[in-house]
Amino acid sequence: MVRFLSLLLVSLLALAACDTGGDIQSTGTSASGLSTKVYHIRDRDTSAIQYRMLDSVNSLRQAAGVQPVVLNAQLTGAAATHSRDMSVQNRPWHFGSDGSSPIDRVRRAGYTGEMLGENISETYETELETLAAWMEESGTRTVLLNKNARDMGFAWFQEANGKIWWTLVMGSGQPPVF
């Protein structure tokens, strides 16, 4: 099954390469002499990038036999807040500069369902390259393929130097049961 999901993801990446949404620009050469590229996201591409990620996640979920998710405004708001905050802290981690947890952030954003997981990344890569990396790790893959997920939030913050702080949040769509 993992092999099939990997093949599906590679196919999605190839398809997405046809239109990245943002601008990929060469910014020089690295110490090894290789060309370095920076993915610059334009403001007008926000919706296209979010829906490209949603479609890709749902393709992976379908291949895994779980139902699709929908974009949720509250979860996306919580993700956007956390992406910016990680940049301010200059470290990728799940706690806010005010000590908030992912659960705290989704509640503050007004989400009434249960928060099921959060994936984060600090990278210069595109959203689909980031998704591929998340699928390679069991913990982040589990968040993406959680069978109880119904809602997804997805956002990022890009620094002037091109570094992107990605956050994806999954929710149940139903209030937590205690």
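Which residues are buried in α5? In the predicted model described here, local features require a pLDDT of at least 70 and side-chain atom pairs count only at pLDDT 80 or more, while totals for chains, interfaces and linings use all residues. Residues are numbered from 1 along each chain as its sequence is written, and side-chain values use heavy atoms, with hydrogens and water left out.

The buried residues of α5 are Glu127, Leu128, Thr130, Leu131, Ala132, Trp134 and Met135, where buried means under 20% relative accessible area, exposed means over 50%, and partly exposed lies in between (1.4 Å probe, protein chains only). Helix α5 is thus mostly covered, with seven of its 10 residues buried.

The protein chain contains six helices and six strands; these are DSSP runs, numbered from the N terminus, with helices being H or I of at least four residues and strands being E of at least two. Along the sequence, the elements follow the pattern α-β-β-α-β-α-α-β-α-α-β-β. Of the 178 residues in the protein chain, 47% are buried. The accessible surface of the protein chain is about 9,200 Å², and carbon and sulfur atoms account for 54% of this area; the values come from the Shrake-Rupley method with a 1.4 Å probe, and for residues only the protein chains shown count as cover. Among contacts in the protein chain with a separation of 6 or more, 66% are between residues 24 or more positions apart, a contact being heavy atoms within 4.5 Å.

Two packed helices are described by the angle between their axes and the distance between the axes. Helix α2 (residues 46-63) packs with helix α5 (residues 127-136) at an angle of about 30°, and their axes are 10 Å apart. This angle makes α2 roughly parallel to α5, since angles under 35 degrees count as roughly parallel, over 145 as roughly antiparallel, 65 to 115 as roughly perpendicular and the rest as oblique. Axes are lines fitted to C-alpha atoms, for helices over the stretch in contact, and angles run from 0 to 180 degrees between N-to-C directions. The crossing of α2 and α5 is right-handed, meaning that the near helix is turned clockwise from the far one by less than a right angle. From α2, the contact involves Ile49, Arg52, Met53, Ser56, Val57 and Leu60, and from α5 it involves Glu127, Leu128, Leu131, Trp134 and Met135. By class, eight of these residues are nonpolar, one is polar and two are charged. Nonpolar covers Ala, Val, Leu, Ile, Met, Phe, Trp, Tyr, Cys and Pro, charged covers Asp, Glu, Lys and Arg, and polar covers the others, Gly among them.

Two further residues of α2 are Gln50 and Asn58. Gln50 is buried, with a relative accessible area of 13%. Beyond its neighbours within four places in sequence, Gln50 is in contact with Leu71, Thr76, Phe154 and Trp156. The C-alpha atoms of Gln50 and Ala155 are 7.4 Å apart, although the two residues are 105 residues apart in sequence. Asn58 is also buried, at a relative accessible area of 16%, and touches Pro68 and Val69 when residues up to four places away in sequence are not counted.

Arg42 lies in the loop between β2 (35-40) and α2. With a relative accessible area of 25%, Arg42 is partly exposed. Its C-alpha atom is separated by 9.9 Å from that of Gln158, 116 residues apart along the chain.
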